Amino acid sequence: MNSAAHLAWPFFDASHREFKANLQQWSTQQFGQWHAHDESREAIDRECVSLVKALGQGGWLKPAIAGTKHGGAADVIDTRTICLLREELAWHHGLADFAFAMQGLGSGAISLKGTPEQQAAYLPRVAKGEALAAFALSEPDAGSDVAAMQCSAVETPEGYRLNGFKTWISNGGIANFYVVFARTGEAPGARGISAFIVDANTPGLEIAERIDVVAPHPLATLHFNNVLVPHAKRIGATGEGFKVAMATLDVFRTSVAAASLGFARRALDESIAWAKQRKMFGGTLADFQITQSKLAQMATLLDAATLLTYRAAWLRDQGQRITQEAAMAKMTATENAQQIIDMAVQMHGGMGVKKGCIVESLYREIRALRIYEGATEVQQLIIGRDLLK
């Protein structure tokens, strides 16, 4: 079904509705019918690279890039558009959503704060799907607590020497470049961090570990062993890396909520279709009031999350600060989607836990979204602190 009824809401204009229709047509042609994927690490790596190229050739990476002269769809990233993209791609193919998201998140700091030279060198290749981007912020002992970062960058006459580890890095091992955040020490805590572009082939950059997770995506731990990064590849001023990271996350955090909507909407669609055709006790599963009650709960949870998600996206596109709204959207959409997908698995019975079944795959896809780009508990802290200001 992949309903687009919410496109009639006042958050959107005619250009968004046209964009969504074109994307849905392309996605349907590109991905066709659902099928179980080879989940070996090598196969996932190949498929991710292939998906980035396909998205680039289709022109679907452009909205994630700021600046038309660098291949972007517009000079400013339209949050509603990237949310529509992630919602649609997630409905069809979880890895396609991942591939798109990482191109945007991985290059976001360059779009927002990069020099003209940095933007010209990297953004056009990202927009075309010719270079895979990655965002390297988390560390073994610094996930939610970014200020605890230990990876260091020491300035020398030749550039900066980076030493330390980054982990849970999406696209780790297949990216062409990484936006890396490291401690330069201008001040304690978050005020002493700077951002750098590190090409994947830079001497001393090693893939310490490939990480396998429940939903098959390419992740890795990176080791920086005296990696030399030229001064020209620092993004923004020294000591402003935390601001660069937060500005990037502010753009893309709402899109995590949108991906959750895509997964949840697919789970609801599959549940409706299953309930109508599943024979049971002389009728169908849909005939039972308990089934109708569950579908009602799922639809209501989905609409509530959709309203919060596109409220946040719309407000950001109006130029408003959305710290609280984005946190509410991310928290609600991911948590609601988890509930919806869990109900879908339950409704499918034994088929719901069969490897390769759509709702089984969705169950594995959704879990990480409640953690990455700020876990639910972190979103609660953000909202609470914002209310108390």
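User: How do you know that W26 counts as buried in this model?

Analyst: In this structure, which is a predicted model, W26 has a relative accessibility of 17%, and a residue is called buried when that value is under 20%, so W26 counts as buried.

User: And W60, is that residue buried or exposed, and what makes it so?

Analyst: W60 has a relative accessible area of 10%, and because the limit for buried is under 20%, W60 is buried.

User: Why are W26 and W60 called an aromatic pair, and why is the pair described as tilted?

Analyst: The search of the whole structure finds nine aromatic pairs, and W26 and W60 form one with 5.8 Å centre to centre and 50 degrees between the planes. Ring centres have to lie within 6.5 Å to pair, so the distance of 5.8 Å qualifies.

User: How do you know that the charge of R266 sits over the ring of W91?

Analyst: The charged end of R266 is 4.1 Å from the centre of the W91 ring, and the distance part of the rule asks for a position within 6 Å of the ring centre, together with a direction within 35 degrees of the ring normal. R266 is listed as sitting over the ring of W91.

User: Why is H92 called buried, and what does its side chain contact?

Analyst: H92, which is found in helix 3, has a relative accessibility of 9%, and since buried means under 20%, H92 counts as buried. Its side chain makes a polar contact with the side chain of E88 at 2.8 Å, and the limit for such a contact is 3.5 Å.

User: Why is the protein chain called as compact as a globular protein of its length?

Analyst: The protein chain contains ten helices and ten strands. Its radius of gyration is 21 Å, close to the 21 Å that the globule rule gives for 389 residues, so the chain is as compact as a globular protein of that length. Buried residues make up 55% of the 389 residues.

Note on methods:
Residues numbered from 1 in each chain as written. Predicted model: local features only at pLDDT ≥ 70, side-chain atom pairs only at ≥ 80, totals over all residues. Heavy atoms only, no water. Phe/Tyr/Trp six-rings, centres within 6.5 Å; stacked < 30°, edge-to-face > 60°. Buried < 20%, exposed > 50% of the residue type's maximum accessible area, 1.4 Å probe, protein only. Helix = DSSP H or I, 4+ residues; strand = E, 2+ residues; numbered from the N terminus. Polar contact = N/O pair within 3.5 Å; in protein donor to acceptor, adjacent residues only side chain to side chain. Rg over C-alpha atoms; globule rule 2.2 N^0.38 Å.
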